[in-house]
Amino acid sequence: MQLRELLNQPKVVGVKQSRRAVREGRAVQVLLADDADPSITGALAALCGELGVPAEGGFTMAELGKAAGIQVGAAVVALVRQ
């Protein structure tokens, strides 16, 4: 996924909101920051695996935050259904 596409997509930012979106079946893809706390991102990646939601890494918190349109880093961004 190209991060610049993220700004125009419906999304939730952060671990709690992303976890909720995954559990509720609203998340279509989850983007994880490689430099975030692995105990946080690992648990969410495992949940995604259990529920069949694609999870993709390879980003930094700064990259995800900027792509999501916020001023701080983001450990997790979930793309959601409209």
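Colleague: Let's start with S18: which helix does it lie in?

Modeller: Bear in mind that this is a predicted model. S18 touches V12, L44, V76, V77 and A78, leaving out residues up to four places away in sequence. The element it lies in is helix 1.

Colleague: And is S18 buried or exposed?

Modeller: The cut-off for buried is under 20% relative accessible area. S18 comes out at 0%, so it counts as buried.

Colleague: Which other residues of helix 1 are buried, and how wide is the arc they fall within?

Modeller: The buried set in helix 1 is V15, S18, A21 and V22. Looking down the helix axis, they line one face, because their directions fall within an arc of 130 degrees.

Colleague: What do those buried residues pack against?

Modeller: The side turned away from them carries the exposed residues K16 and R23. The buried residues themselves pack against strand 1, strand 2, helix 2 and strand 4.

Colleague: How do helix 1 and helix 2 run relative to one another, parallel or antiparallel?

Modeller: Helix 1 covers residues 15-23 and helix 2 covers residues 38-51; their axes come within 10 Å and cross at roughly 10 degrees. Angles under 35 degrees count as roughly parallel. That makes this pair roughly parallel.

Colleague: How many nonpolar residues are in that contact?

Modeller: From helix 1 you have V15, S18, R19, V22 and R23, meeting I40, L44, L47, C48 and L51 from helix 2. By class, one residue is polar, two are charged, and the nonpolar ones number seven.

Colleague: Moving to A78: what is its relative accessibility?

Modeller: A78 is found in strand 4, residues 76-80. Setting aside residues up to four places away in sequence, it touches P10, K11, V12, S18, A27, Q29 and V30. A78 counts as buried because its relative accessibility is 0%.

Colleague: How far apart in space are A78 and L6?

Modeller: Along the sequence, A78 and L6 are 72 residues apart. C-alpha to C-alpha, the distance is 9.8 Å.

Colleague: Which residues of helix 3 are buried, and what covers them?

Modeller: Helix 3, residues 61-68, has L64, G65, A67 and A68 as its buried residues. They fall within an arc of 165 degrees, so they line one face of the helix, while the face turned away carries the exposed A62 and K66. Their cover includes strand 1, strand 2, strand 3 and strand 4.

Colleague: And how far is A67 from L3, C-alpha to C-alpha?

Modeller: A67 is found in helix 3 and is buried, with a relative accessible area of 9%. A67 and L3 are 64 residues apart along the chain, yet their C-alpha atoms are separated by 5.6 Å.

Colleague: Last one: how many residues make up the largest nonpolar core?

Modeller: In soluble globular proteins, nonpolar side chains tend to be buried together. Here, L3, L6, V22, V30, L44, L64 and V76 have the most contacts inside the largest core. Elements giving two or more residues to this core are helix 1, strand 2, helix 2, helix 3 and strand 4. The core's size is 27 residues.

Terms used:
Residues are numbered from 1 along each chain as its sequence is written. This is a predicted model: local features need pLDDT of at least 70, side-chain atom pairs count only at pLDDT 80 or more; totals for chains, interfaces and linings use all residues. Side-chain values use heavy atoms; hydrogens and water are left out. Axes are lines fitted to C-alpha atoms, for helices over the stretch in contact, and angles run from 0 to 180 degrees between N-to-C directions. Helices (H or I, at least four residues) and strands (E, at least two) are DSSP runs, numbered from the N terminus. Angles under 35 degrees count as roughly parallel, over 145 as roughly antiparallel, 65 to 115 as roughly perpendicular and the rest as oblique. Contact means heavy atoms within 4.5 Å. Ala, Val, Leu, Ile, Met, Phe, Trp, Tyr, Cys and Pro count as nonpolar, Asp, Glu, Lys and Arg as charged, and the others, Gly among them, as polar. Buried means under 20% relative accessible area, exposed over 50%, partly exposed in between (1.4 Å probe, protein chains only). The arc is that of the directions from the helix axis to the C-beta atoms. A nonpolar core is a set of buried Ala, Val, Leu, Ile, Met, Phe, Trp, Tyr and Cys residues joined through side-chain atoms within 4.5 Å.
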